[in-house]
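Me: I have a model open and would like to know where some of its labels come from. Could you take me through them?

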Amino acid sequence: MQLSKDTAVWRGGRPVAGTDGRKEGTIAWRILHSHNSGTDTQLRIKFDSLISHDITYVGIIQTAKASGLTRFPVPYVMTNCHNSLCAVGGTINEDDHVFGLSAAKKYGGIYVPANQAVIHQYAREMMTGCGRMILGSDSHTRYGALGTMGVGEGGPEIVKQLLSNTYDIAMPEVVLVYLTGTPNRGVGPHDVAIALCGAVYDNGFVKNRVLEFAGPGVAKLPMDYRIGIDVMTTETACLSSIWQTDEKVEEYLAAHGRADAYQKLEPEEGAQYDRVIEIDLSEIEPMAALPFHPSRAFTIRQLQENGADILRQTELLALEQFGGKAELKLTDKLKDDKLRVDQGVIAGCSGGMYDNIAEAAAILDGHDVGNGYFSLSVYPPSVPVNLQLIRDGVQEKLLEAGALFKPCFCGPCFGAGDVPANNGLSIRHTTRNFPNREGSKPANGQLAGVVLMDARSIAATARNHGVLTAATEIDYTQPAPHAYQFDKSVYEKRCYFGFGKADENAELILGPNITEWPKIPALKENLLMKLACVIHDPVTTTDELIPSGETSSYRSNPMKLATFALSRREPQYVARTGKIRGLEDSRAAGKPGQETLDALARAGISAGVLKDTQIGSVIFANKPGDGSAREQAASCQRVLGGCANICYEFATKRYRSNCINWGMMPFTIDEDRAFDYSCDDYIFVPGIRAAIEMGAKDVPATVITKDGAEDILLHLPELTDDERQILLDGCLMNFYAANSKKETK
């Protein structure tokens with residue numbers, strides 16, 4: 001895999017060095033600008049359709065309702081694939097599903113019941129089209145292989161679209177991913193995706209850029225293979241993706257009843273790219289991504305040859321990550337120089353594709369998974385795909401081999417399905433292997449690990465009863481390419497298609513756990529922030545900010561969910577924020593506490609400023625926000641009294657947007673500035689409101705420690721006019737409420 005930061009021009013069907021091209025010639029540029037009402041450099045995008053799942057849609061609709069929602073202006077799909085099995089008791093999950101259906105009836109939405117389809121498979125089958133754009137409140141919203149630009153963002157960005165506003169972003173750079181060659185037998189899409197993540201994630205090569213896949217290698221890949229690579233582009237930290245289209249895309253759309261949605265997309269002669277990645281598919285080997293990130297990429301061959309060293313590195317990483325609360329003993333899995341794993345899972349929007357499952361069945365045909373500790377579970381991505389697997393005898397072969405078939409559910413991707421035993425090692429064709437994504441609870445002394453692998457090598461390992469095996473090491477007959485036989489009738493019988501049929505008289509059905517958002521204050525003239533959490537890990541994921549898994553049952557109850565904030569990373573965080581909230585309550589009542597007065601005195605600041613000063617909690621992390629698009633990572637901090645994040649850089653654009661939309665300052669500091677402060681230190685930011693009103697990019701502040709005070713420079717770059725006003729108003733809901741009042745005057 002070759003990476004080049006030099007610009008390149010598309011000439012004669014390949015990239016050549018040069019700067020004499022036209023950015024307008026890229027597929028990405030043409031699609032973005034066909035949806036743009038802004039300028040060539042500052043885009044204001046309206047999407048063709050929207051999609052959410054049941055961890056996010058309740059909060060989105062509640063927020064939109066509070067901001068004046070009357071009907072859905074574009075098709076809005078609500079799937080039920082995340083929280084369908086998360087409940088810890090009671091009626092919580094199904095209450096939310098009933099709410100979702102009632103919202104679809106009231107506002108004119110599309111509702112997909114639980115276990116019918118995972119979010120992204122439904123979008124591929126029913127919503128995609130060449131040249132379209134889809135916004136989803138899930139980070140893996142990627143439909144580029146079907147000619148559709150998918151963008152995953154936090155719920156507030158969905159709210160903006162529901163209220164007929166725009167997605168505002170600077171025109172992103174476009175990176176050409178030039179594919180050549182043909183994959184070898186036994187090498188699957190996850191192998192290509194893991195190799196790509198390993199090459200570009202740590203160095204930020206494609207961060208917040210659009211990946212555009214083109215080249216002769218594209219034609220060598222069937223659609224499920226392309227889709228499997230594409231959905232994993234999220235793990236590179238790119239903004240979106242798009243692929244050139246051909247007759248295979250045309251056949252896919254036609255088979256799914258949307259022949260008119262096809263158009264040929266390809267780079268124009270002279271198209272200019274900002275960077276280039278060249279991948280020779282014939283050189284890709286079976287890969288493994290070690291805990292705790294998809295970018296920790298090794299070939300299976302490396303893992304077989306140097307397993308002790310690689311696994312020991314992972315054990316040390318776990319020790320550092322969890323501070324000794326739990327140990328991960330992976331080197332114990334090495335026996336007779338062979339690595340033995342405990343579990344295999346093929347699931348969801350990346351692993352559960354028909355081709356992956358069919359090839360796994362071919363590998364296991366006539367064999368079995370054994371009756372030892374190893375187990376294999378398969379989660380198809382939709383009922384139509386599962387029907388075809390049944391009709392073609394694929395499911396029968398896997399069941400005969402000892403595999404288990406599960407419902408269409410995203411759980412294995414975030415820790416709500418097939419949790420391995422303590423110190424278990426699970427190999428999974430899923431999207432992520434972050435800490436706790438397998439469902440363990442390190443705070444309780446429980447820890448397990450996930451290695452991401454392709455379905456083919458998972459099946460080869462299952463065939464050897466858990467001994468790590470690359471699919472290229474065994475003999476099997478690859479199944480012939482299948483013709484898509486999409487049976488839409490199962491959706492027509494079970495899904496509610498209400499777009500364009502909003503019923504303002506329909507009642508929203510609210511279960512007892514569905515609560516309104518608490519009142520969030522507007523920004524005052526000054527900020528006094530108290531550090532509630534300081535994290536110096538290289539990257540902090542959204543899972544660490546708000547854990548996934550069983551906590552998702554409470555995602556419709558903002559205050560209840562917030563009690564889990566940072567619980568697996570910094571258990572004292574919620575208690576600290578409660579005390580800081582108490583300081584603000586005392587200040588607002590005109591009776592500031594002695595602790596607050598003493599802090600100001602140490603910095604020589606008059607207590608008189610408190611009248612116009614807001615006290616809030618703040619977290620520092622080197623690079624926060626990798627992973628999920630869930631806005632709860634930010635909203636949970638906000639409802640606990642959080643007012644800012646401080647970091648060297650944000651891991652993703654979507655998390656930074658979530659912070660802004662929930663009224664939290666997205667402060668950064670210079671990379672060469674040591675942040676050696678601790679919890680209970682204060683940071684005073686005078687004139688913050690005026691600074692935002694004026695569009696200041698640099699904001700002087702004072703850090704107050706127990707020993708005194710010192711200056712620090714905070715940065716607020718790249719804020720749009722709307723983003724500045726959202727911060728001033730306190731959050732997106734307040735922003736819309738204020739606009740509504742202006743319009744009625």
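Reply: Happy to; below, each label is set against its definition.

Reply: This is a predicted model, in which local features need pLDDT of at least 70, side-chain atom pairs count only at pLDDT 80 or more, and totals for chains, interfaces and linings use all residues. Residues are numbered from 1 along each chain as its sequence is written, and side-chain values use heavy atoms, with hydrogens and water left out.

Me: Why is Ser635 called buried?
Reply: Buried means under 20% relative accessible area, exposed over 50%, and partly exposed in between (1.4 Å probe, protein chains only). Ser635 has 2% relative accessibility, so it counts as buried. Ser635 sits in helix H21 (residues 632–639); helices (H or I, at least four residues) and strands (E, at least two) are DSSP runs, numbered from the N terminus.

Me: Which residues does Ser635 touch, not counting those up to four places away in sequence?
Reply: Trp517 and Trp662. Contact here means heavy atoms within 4.5 Å.

Me: What makes Glu671 exposed?
Reply: Its relative accessible area is 64%, so Glu671 falls in the exposed class. Glu671 lies in the loop between strand S31 (665–668) and strand S32 (682–685). Together with Asp670, Asp672 and Asp698, Glu671 forms a patch of negative charge on the surface.

Me: How do you know that H15 is mostly covered?
Reply: Nine of its nine residues are buried; among them are Arg456, Ile458 and Arg463. The buried residues of H15 pack against several elements, including helix H6 (189–200), helix H12 (354–364) and S23.

Me: What follows H15?
Reply: His465, with a positive phi near 60°. His465 is in the loop between helix H15 (455–463) and helix H16 (489–494).

Me: Is His465 buried, partly exposed or exposed?
Reply: Its relative accessible area is 42%, so His465 is partly exposed.

Me: Why is the phi of Asn423 worth a remark?
Reply: Asn423 has a positive phi of about 65° although it is not a glycine. Most residues other than glycine have a negative phi. Asn423 is found in the loop between strand S22 (404–405) and strand S23 (425–429), and at 16% relative accessibility it counts as buried.

Me: Which peptide bond is cis, with omega near 15°?
Reply: The one from Pro291 to Phe292. Most peptide bonds are trans. Phe292 is in the loop between strand S16 (287–289) and strand S17 (297–299).

Notes. Patch = residues over 30% accessible without salt bridge, like charges linked within 9 Å, V, L, I, M, F, W, Y side chains within 5 Å. Areas by Shrake-Rupley, 256 points an atom, 1.4 Å probe, with all protein chains shown as cover. Salt bridge = Lys/Arg side-chain N within 4 Å of Asp/Glu carboxyl O. Lys, Arg positive; Asp, Glu negative; His and termini not counted. Charge placed at Lys NZ, Arg CZ, Asp CG, Glu CD.
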